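Hi everyone, thanks for making the time this morning. Let me put the model up, and then we can walk through it together.

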Amino acid sequence: MNNILEVRNLDFEYYDGVVLRNVSFSLEKGDFLGIIGANGTGKSTLLKLILGLLPCRSEQITLFGTDRTEFNELSKIGYVSQKSNSFNSDFPATVQEVVSANLYSQIGFLCRAEKKHRVMCEKAIAAVGLEDCKNKQIGKLSGGQQQRAFIARTLVNNPELIILDEPTVGVDAPSVEVITKIIADLNSKGITVIMTNHDTHSLISLANKLLVLSEDGCASFYDKKKLSEYKLTRICEGLEGHNHA
Ligand SMILES: Nc1ncnc2c1ncn2[C@@H]1O[C@H](COP(=O)(O)OP(=O)(O)OP(=O)(O)O)[C@@H](O)[C@H]1O
Ligand SMILES: [Mg+2]
């Protein structure tokens, strides 16, 4: 299945105003979509709509060829939410427990993990380089390590699509580099990635497709290889998109 996601004429409003207006784009297997937009332009809202955390109308979103409203193969999608690493430092779970908790659909509620599940966890933890921290309490890790643990948590199900909402916010520069490399490696293995990030320059260098959201709720979708250097620079500087067309 090459067709991973189709968004068609998507509109969305919370009770107090329109956030997204007639947004359309599509992604194929292996694409890396960078979503660019100022604070409050609807990046997280769009991700939540794709994930089914907010409601859409049928026909507006198709995932893996299935209408979003009918789609139930959630283990195909990994999600790292915005600020997923900012929680109570006393949170009583180790890295291994946080990662394996995401396997509950395979293990079964209150059932014991089998050897194969433990191997799947070890593999996911190794993919983000946290082997030495696997028995540490998650709240005691650095912000960057916690974010890597949350990426491992999504990897444990072998997802085909990973959605990351500002995965490097609030982490130090060396961790940004490590996390960015982990995400780029996953994409190079054929996993489709959707990511938002306020470091537009870095996001543009990673992505092959770009979605620029404007303050009026409209979006412009670009295939990076068809963009001139001039246009890319303008997108990078926040000068391109619906408002500036
Ligand atoms: N649950 C909610 N109820 C009402 N309004 C909301 C809700 N969540 C977000 N909004 C509003 O919708 C708009 C888009 O919010 P969203 O979080 O999607 O933006 P964003 O582009 O992700 O911003 P940021 O860059 O700050 O993460 C904002 O005006 C926000 O105030
Ligand atoms: Mg957001």
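Let's start with one residue pair: isoleucine 162 sits opposite valine 193 of β8. The two strands here are β7 (residues 161-165) and β8 (residues 192-196), which pair in the parallel sense over 5 bridges. Pairing here requires that DSSP finds at least two bridges between two strands, and the elements are DSSP runs numbered from the N terminus: helices are H or I with at least four residues, strands are E with at least two.

A word on the source: this is a predicted model, with local features needing pLDDT of at least 70 and side-chain atom pairs counting only at pLDDT 80 or more, while totals for chains, interfaces and linings use all residues. Residues are numbered from 1 along each chain as its sequence is written, and chains are lettered from A and ligands numbered from 1 in the order in which they are written.

Now, which sheet holds that pair of strands? β7 and β8 belong to an open sheet of 6 strands, ordered β6-β7-β8-β3-β9-β10, with mixed pairing. At its edges are β6 (77-80) and β10 (219-223), each pairing on one side only. On average, neighbouring strands in this sheet are turned by 15 degrees against each other, direction ignored.

Two helices lie on these strands. Helix α5 lies across β6 and β7, at about 165 degrees to β6; angles run from 0 to 180 degrees between N-to-C directions, and axes are lines fitted to C-alpha atoms, for helices over the stretch in contact. Helix α6 lies across β3 (32-36), β7 and β8, at about 150 degrees to β8.

How do α5 and α6 run relative to each other? The axes of α5 (residues 143-155) and α6 (residues 173-188) come within 9 Å and cross at roughly 15 degrees. The two helices are therefore roughly parallel, a label for angles under 35 degrees. Gly144, Gln147, Arg148 and Ile151 of α5 meet Ser175, Val178, Ile179 and Ile182 of α6, where contact means C-beta atoms, placed from the backbone, within 7 Å.

There is another open sheet, with 4 strands in the order β2-β1-β4-β5 and antiparallel pairing. Because β2 (17-28) and β5 (66-67) each have a single partner strand, one side of each is left without a neighbour in the sheet. Inside it, β1 (residues 3-14) and β4 (residues 61-63) pair in the antiparallel sense over 3 bridges, and valine 7 has isoleucine 61 of β4 as its bridge partner.

Finally, the ligand. The largest share of the shell around ligand 1, 3 residues, comes from helix α1 (residues 43-51). Thanks, and I'm happy to go back to any of these views.

How values were computed: Parallel < 35°, antiparallel > 145°, perpendicular 65-115°, else oblique.
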